[in-house]
Amino acid sequence: MFEITEANLSSEIIEFEKLQGEATANNRKGKLIFFYEWDLVLKWTGKILNDDSKTKIRGKVTIPNLSEENDLDEIDITVTVDESNDKSEKL
């Protein structure tokens, strides 16, 4: 779906676990105006590229209340791992 690779680390979004909310589009005076409010939970997997064990690390990204009202720096994003250890914390 969506992959990020940087330095020696690689991760990708593999599934939408929850995609709930609503979106609308309005046309006012010839301008399109969009409104949306979403609650998202994404599953991700990743790995350390030079790790011989090839262990896949899994977790979730939670974005509650994603809305057009919030600037990027106001959005709450929580990233969690299924199993906490040195490798998962590095990733």
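Reader: So buried means under 20% relative accessible area, exposed over 50%, and partly exposed in between (1.4 Å probe, protein chains only). Where does Lys87 fall, buried or partly exposed?

Author: Lys87 counts as partly exposed, at 33% relative accessibility. Keep in mind that this is a predicted model, where local features need pLDDT of at least 70, side-chain atom pairs count only at pLDDT 80 or more, and totals for chains, interfaces and linings use all residues. Numbering runs from 1 along each chain as its sequence is written, and side-chain values use heavy atoms, without hydrogens or water.

Reader: What does Lys87 form a salt bridge with?

Author: Asp51, with the closest N and O atoms 2.9 Å apart (the cut-off is a Lys or Arg side-chain nitrogen within 4 Å of an Asp or Glu carboxyl oxygen). Asp51 sits in the loop between S3 and S4 and Lys87 in helix H1, residues 86-90, 36 residues apart. Helices are DSSP runs of H or I with at least four residues, strands of E with at least two. Asp51 itself is buried, at 13%.

Reader: OK, how many salt bridges in the structure?

Author: Three. Glu17 meets Lys43 at 3.7 Å, N to O, and Lys60 at 3.1 Å. Glu17 lies in S2 and Lys60 in S4, so that pair ties together parts 43 residues apart in sequence. Glu17, Lys43 and Lys60 are linked in a network.

Reader: New topic: how many bridges pair S2 and S3?

Author: 18, in the antiparallel sense, between residues 9-28 and 31-48; strands pair if DSSP finds at least two bridges. Phe16 stands opposite Leu42 in S3.

Reader: And what's in the turn?

Author: Two residues separate S2 and S3 in this hairpin, and Lys29 in the turn has a positive phi of about 55°.
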